[in-house]
Amino acid sequence: MREVMIQFLQRNLLRWFDENGRDFPWRDPTASKYRQILSEILLQRTRAGTVARYYTCFFEKYPDWEALSRATIEELEEVMRPLGLYRHRARRLYKLGQGIKRRHGRVPESSGELADSGFAGLYVINAYELFVLRGRRPLLDVNMSRVLKRYFNAGEFMDVRHDKAVQALANDIVEVRRCKELNWAILDFAALVCTRRAPACGTCTLSPRCLYRQRGQERGQEREASR
Ligand code: SF4
């Protein structure tokens with residue numbers, strides 16, 4: 001049953017993405033790996049549209065690893081201020097820049113090398129493995145978690161860092177040839193269809209198998225019957 005649900009999700013979300021996926025500069029096939037990874041750090045807990053507006057300005061100031069490794073933490077805080085969470089983001093970027101500096105500009109070339117590189121946090125490490133090392137990894141954040149939790153009826157929402165059930169689901173669903181596109185599909189789908197407050201279940205491509213949707217219909221039928 002789980003395998004059938006996984007395949008249904010992969011097939012339908014990739015099809016949905018081909019018709020509805022959003023264009024962002026970091027998704028451009030010509031975007032460097034540096035830009036793809038740094039964009040993922042900027043995207044954490046921030047709307048993609050906000051990052052898109054800030055994208056050119058940031059990469060003009062820090063066009064490559066070398067420029068990032070020269071930045072001071074004060075400077076990064078100042079640059080990050082318009083995006084919010086600026087202290088947190090500045091610390092992350094600084095740590096990353098210093099990690100690359102210690103490695104004399106050489107970026108990690110294997111999963112094993114990531115540990116010592118300044119790349120921190122499950123999300124960023126997964127992004128690096130996905131975009132640079134071409135591994136099949138999920139960009140698991142609160143939005144991907146919401147879609148998976150609903151679709152698979154996988155229990156209460158909790159911090160994704162401690163949620164083993166959703167981590168296992170996320171790892172299973174990205175076992176697909178178009179892994180990068182599937183990740184983007186889920187992020188776009190979470191922003192446009194399976195939204196936090198008002199999921200558009202009535203027109204959703206996943207609704208025939210979505211357990212959240214089925215439970216909602218059952219609850220509606222019970223209410224009808226008790227009137
Ligand atoms: S049917 Fe509703 S809850 Fe289920 S995936 Fe679609 S929008 Fe989300």
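I'll start with the ligand: the shell around it divides into 11 nonpolar residues, one polar and two charged. Keep in mind that this is a predicted model. There are 14 residues around the ligand, and C194, P199, C201, C204 and C210 come nearest. Which helices each supply at least two residues of that shell? They are α9, residues 142-152, and α12, residues 211-226. The helix that gives the most is α9, with three residues.

Next, the core. The largest nonpolar core has 52 residues, and the members touching the most others are A127, M144, V147, L148, Y151, A170 and I186. Helix α11, residues 179-192, contributes the largest share of this core, seven residues. Take L148 from that list. Setting aside neighbours within four places in sequence, L148 is in contact with A154, V166, L169 and A170.

Now the packing of α11 against α1. Helix α1 covers residues 2-20, and its axis comes within 9 Å of the axis of α11, with a crossing angle of roughly 75°. That angle lies in the 65 to 115 range, which makes α1 roughly perpendicular to α11. On the α1 side, the residues in this contact are Q10, L13, L14, W16, F17 and N20. They meet E181, L182, W184, A185, I186, D188, F189 and L192 of α11. By type, the contact divides into 10 nonpolar residues, two polar and two charged. As a reminder on spacing, an α-helix has 3.6 residues a turn, so residues three or four places apart point the same way.

On to α8, residues 122-131. How many of the 10 residues of α8 are buried? Seven are, so α8 is largely enclosed by the rest of the structure. The buried ones are Y123, V124, N126, A127, Y128, L130 and F131.

Is R134 buried or exposed? R134 counts as exposed, because it has 10 C-beta neighbours inside 10 Å, and the cut-off for exposed is 12 or fewer. For a sense of distance, the C-alpha atoms of R134 and P63 are separated by 22 Å, with the two residues 71 apart along the chain.

To recap: α9 gives the most residues to the ligand shell, and α11 has the largest share of the core.

Definitions and conventions. Residues are numbered from 1 along each chain as its sequence is written. This is a predicted model: local features need pLDDT of at least 70, side-chain atom pairs count only at pLDDT 80 or more; totals for chains, interfaces and linings use all residues. A residue is near a molecule or strand if its C-beta atom, placed from the backbone, lies within 6 Å of it. Helices (H or I, at least four residues) and strands (E, at least two) are DSSP runs, numbered from the N terminus. Ala, Val, Leu, Ile, Met, Phe, Trp, Tyr, Cys and Pro count as nonpolar, Asp, Glu, Lys and Arg as charged, and the others, Gly among them, as polar. A nonpolar core is a set of buried Ala, Val, Leu, Ile, Met, Phe, Trp, Tyr and Cys residues joined through C-beta atoms within 7 Å. A residue is buried if 20 or more other C-beta atoms lie within 10 Å of its own, exposed if 12 or fewer, and partly exposed in between; C-beta atoms are placed from the backbone. Two residues are in contact if their C-beta atoms, placed from the backbone, lie within 7 Å. Axes are lines fitted to C-alpha atoms, for helices over the stretch in contact, and angles run from 0 to 180 degrees between N-to-C directions. Angles under 35 degrees count as roughly parallel, over 145 as roughly antiparallel, 65 to 115 as roughly perpendicular and the rest as oblique.
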